[in-house]
Amino acid sequence: MSDRETIMTDTKTIQQQDHAHYLHPFTDHQALGRKGARVMVRGEGIYLWDSEGNKILDGMSGLWCVAVGYGRTSISKAVYEQMETLPFYNSFFNTTNVPAVRLAARLSQLAPEGFNHVFFTGSGSEANDTNVRMVRRYWDLMGFKERHVIISRHNSYHGSTMAGASLGGMSGMHEQGGLPIPGIVHIGQPNYYDDGVGLTPDEFGLRAASWLEAKILEVGPDKVAAFIGEPVQGAGGVIIPPDSYWPEIRRICDKYGILLIADEVITGFGRLGRWFASEPYKPDLITFAKGVTSGYVPLGGVLVGSRVADVLIGQGGDFNHGFTYSGHPVACAAALENLRIIEDEGLVERVANDTGPYLKHAFGALADHALVGTAETCGFVAGLNLVKRKAENVHYQVRFDPALGVGMLCRAHMFNTGIIMRAVGDRMIIAPPLVMTHAQIDEMVALIRRALDLTLEEVRGRGWL
Ligand SMILES: *Cc1c(COP(=O)(O)O)cnc(C)c1O
């Protein structure tokens, strides 16, 4: 048997076992069983290899995580050494561990001014569950026990636990399992492309922010605890709000004394060219996960600003919340080394001043493609809309019938061309590793263009244009 045959046989076996035993996240198992899952076996830098030997450029950083790229041996070493020294100990019952303390101190340094405390969790979802409980605890301690409602946005993503999925605004998730849980309500998202007809982006940003005030007045200002939002919506399709949006949201939160939670699970640690994208509009709590370890080991948490921390700590008493793996020493060791790499390689500054602007230019040029309506970036996230007919004004562009699934078709062409790009409806999105060079950005954009050409050919062949 040749090597190639051995690998192929192995792929079939793995696919069969996969289907027989492994329930995947957000997956139609019946459909996956017919196709067989793609088996990823190795990663190096910005590339992945599957079990068939295909090399694929990972435009999604795993799942918005792998900021420093695959195969960083210094992280594996840090993890190995920590496992040899102390693989686990909990932080309950008045104990702590060295990597957790060091990481909490490091994060306090990197975070915006006034953020000096960290609550660790195992994931972004758990971190948002922590937020729900923490802001309610805060208002209880302040003597406002009625203030328990949290306002979020449609089409936002805040995780998949009961509270995370409730905070999120994904209707498909709410339909399953009786969500949202009580005390969580939603407003519209700042999606200029869909909803900004007849307005300038900044006018629309103010309008979208005004929905928050309307909702506060509807619920009753004395009942609202917090507003939560992603600086740029990720899973919702890389929805970049107009510049006017966040400062106005902050102003409205201040007007009613409401806490502002920035969910920076995607946008934290340099992805938008700052350590934390929300820094300019001063949130009270910041959710993090993903990029904190570049996904090498699961870790999440909440950065707690002084307004909340002073009350939680100052009033005394237990906060009856936490996880076995809060402050896991191995995860914290991975994070410390990952953050060292991000800092030593100047990845945040590179995204802000060098590779980010370069990506904007290279990716933006895709807007000349016959299928592409708009192509925009924000730091190291980017999205393009597939359209049937282009027009200068985005609101006059003609879209495909969503039922045709042009986005998924395009995604398949991307994969087969050797580039991972995610489809959210007919919006194609990327969040590449922050370590990308100019040459690699050019390579990525060329692969995207080739896959767009193949998509165009197929769409024409099917008579959809
Ligand atoms: C991924 C994500 C989460 C959930 O994180 P998990 O680690 O999957 O639980 C929460 N918020 C945002 C913005 C995310 O992108």
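## Basis of the description

A residue counts as buried at under 20% relative accessible area, as exposed at over 50%, and as partly exposed in between (1.4 Å probe, protein chains only). By this rule Asp 284, at 9% relative accessibility, is buried.

The model is predicted: local features need pLDDT of at least 70, side-chain atom pairs count only at pLDDT 80 or more, and totals for chains, interfaces and linings use all residues. Residues are numbered from 1 along each chain as its sequence is written, and side-chain values use heavy atoms, with hydrogens and water left out.

## Overall architecture

The protein chain contains 17 helices and 15 strands; these are DSSP runs (helices H or I, at least four residues; strands E, at least two), numbered from the N terminus. Its C-alpha trace spans about 65 × 60 × 45 Å along the principal axes. The radius of gyration is 23 Å, which agrees with the value near 23 Å for a compact globule of 465 residues; it is taken over C-alpha atoms, and the globule rule is 2.2 Å times the number of residues to the power 0.38.

Of the 465 residues, 55% count as buried. Among contacts between residues at least 6 apart in sequence, 69% join residues at least 24 apart, a contact being heavy atoms within 4.5 Å.

## Salt bridges

A search of the whole structure finds 15 salt bridges, each defined as a side-chain nitrogen of Lys or Arg within 4 Å of a carboxyl oxygen of Asp or Glu. One of them joins Arg 38 and Asp 50, with the closest N and O atoms 3.0 Å apart. Arg 38 lies in the loop between helix H2 (29-35) and strand E1 (40-44), and Asp 50 lies in strand E2 (residues 47-50), 12 residues apart. Arg 38 is partly exposed at 35% relative accessibility, whereas Asp 50 is buried at 4%.

Another salt bridge pairs Glu 376 with Arg 427 at 2.9 Å, N to O. Glu 376 belongs to strand E11 (residues 372-378) and Arg 427 to strand E15 (residues 427-430), 51 residues apart. Glu 376 is partly exposed, with a relative accessible area of 28%, while Arg 427 is buried at 11%.

Within it, Arg 250 and Asp 284 meet at 3.4 Å, N to O. Arg 250 lies in helix H11 (residues 245-255) and Asp 284 in the loop between strand E8 (259-263) and strand E9 (285-288), so the pair ties together parts 34 residues apart in sequence. Arg 250 is buried, with a relative accessible area of 11%.
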